[in-house]
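Here is a short briefing to read with the model open beside you.

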Amino acid sequence: MTKRRPLVAGNWKMNGSRTESAALLDGIKKGMSSASKAEVAVCPPYILIPLAAEKLVGSAVAWGGQNLSAHESGAYTGEISGPMLRDYGCTYVIVGHSERRTLYGENDAMVAEKYGAAQAVGLIPILCVGETLQEREVNRTEAVVARQLDVVLGKHGIGSFRNAVVAYEPVWAIGTGKTATPRQAQDVHRFIRSRLAARDKTVAESTRILYGGSMKGGNAGELLTQPDIDGGLIGGASLQAEEFLTICRAAD
Ligand code: PGA
């Protein structure tokens, strides 16, 4: 069985001035133990990525984007491409976050294209999947997550998951303060891994599956000890260095 290195990634969303972000980056860098077993990354808004690159270069903290264009370059006003993120030293990029899906109309096919565009330039996509409250209430969680995964699997194959991370983010838990119970989360994580394993067991065992949705210092420990939870994608709690570092330590 392959040992999976935990990953804790901060999704800053549309938050932070230059000054606040500089302080946050300094705080994270300072508090990070060099002996940390978990991998740590931050995903600031695009415009703050050069600042993150400047602050974090040579540190143990990686950085990434929250989104990318499916195209490499050209007449796409307002968009940022994978090669641009690579140019600024990004390692990761979040793809298919539920806010992109619901507020910006990204469907499974678009998400699959972005996933491919990320890998084409050597970025590691953090592919977000997850059900809404309504879908959970009518027992559609597994069906929804399976559909979201299968579109990517169909287009890029199981082999692509060697260079990808999955984040299970129940939409009803994002930014609501309502966290999935460790049991609820573990059940879906196990389901995701089994879906991957049906295509390739070795890849499934090595793919990191993060939990996201109101994870914070106080609940990270019990979530992260679940066998199929390999880290977290952290929104609100990633905006405070101490809180974020507490989660990173829990992942260690
Ligand atoms: P939250 O956000 O931690 O604020 O719930 C998680 C996410 O949207 O990635």
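In this predicted model, Asp 150 is partly exposed, with a relative accessibility of 23%. Its salt-bridge partner is Arg 195, at an N to O distance of 2.5 Å. Asp 150 belongs to helix H7 (residues 141-156) and Arg 195 to helix H8 (residues 182-197), so the pair ties together parts that are 45 residues apart in sequence.

**Salt bridges**
- Arg 195 has a relative accessible area of 31%, so it counts as partly exposed.
- The structure holds 16 salt bridges, and the pair formed by Asp 150 and Arg 195 is one of them.
- Is the pair of Asp 108 and Arg 101 buried or exposed? Asp 108 is buried at 13% relative accessible area, and Arg 101 is buried at 14%; the cut-off for buried is under 20%.
- The closest N and O atoms of Asp 108 and Arg 101 are 2.8 Å apart.
- Glu 242 and Arg 249 also form a salt bridge, with their closest N and O atoms 3.8 Å apart.
- Arg 249 is partly exposed, at 44% relative accessibility.
- A network of salt bridges links Arg 4, Arg 193, Glu 205, Asp 228 and Asp 230.

**Around the ligand**
- How many residues surround the ligand? There are 13, and the closest are Lys 13, His 97, Glu 169, Gly 175 and Ser 214.
- Lys 13 places a polar side-chain atom 2.7 Å from an oxygen atom of the ligand.
- For His 97, a polar side-chain atom lies 2.6 Å from an oxygen atom of the ligand.
- Ser 214 uses its backbone instead: an N or O atom there lies 2.7 Å from an oxygen atom of the ligand.
- On its own the ligand exposes 280 Å², and the protein buries 95% of that.
- Sorted by class, the shell around the ligand has seven polar, four nonpolar and two charged residues.

**Helix H2 and its neighbours**
- Helix H2 covers residues 49-56, and its buried residues are Ile 49, Leu 51, Ala 52, Ala 53 and Leu 56.
- Which elements do these buried residues of H2 pack against? They pack against two helices, H1 (18-31) and H3 (82-87), and against two strands, S2 (39-43) and S3 (61-65).
- An α-helix has 3.6 residues a turn, so residues three or four places apart point the same way.
- After H2 comes Gly 58, which has a positive phi near 80 degrees.

Conventions. Residues are numbered from 1 along each chain as its sequence is written. This is a predicted model: local features need pLDDT of at least 70, side-chain atom pairs count only at pLDDT 80 or more; totals for chains, interfaces and linings use all residues. Side-chain values use heavy atoms; hydrogens and water are left out. Buried means under 20% relative accessible area, exposed over 50%, partly exposed in between (1.4 Å probe, protein chains only). Helices (H or I, at least four residues) and strands (E, at least two) are DSSP runs, numbered from the N terminus. Contact means heavy atoms within 4.5 Å. A salt bridge is a side-chain nitrogen of Lys or Arg within 4 Å of a carboxyl oxygen of Asp or Glu. A residue is near a molecule or strand if one of its heavy atoms lies within 4 Å of it. A polar contact is a pair of N or O atoms within 3.5 Å; within protein, one must be able to donate a hydrogen and the other to accept it, and residues adjacent in sequence count only if both atoms are side-chain atoms. Accessible areas come from the Shrake-Rupley method with a 1.4 Å probe; for residues, only the protein chains shown count as cover. Ala, Val, Leu, Ile, Met, Phe, Trp, Tyr, Cys and Pro count as nonpolar, Asp, Glu, Lys and Arg as charged, and the others, Gly among them, as polar.
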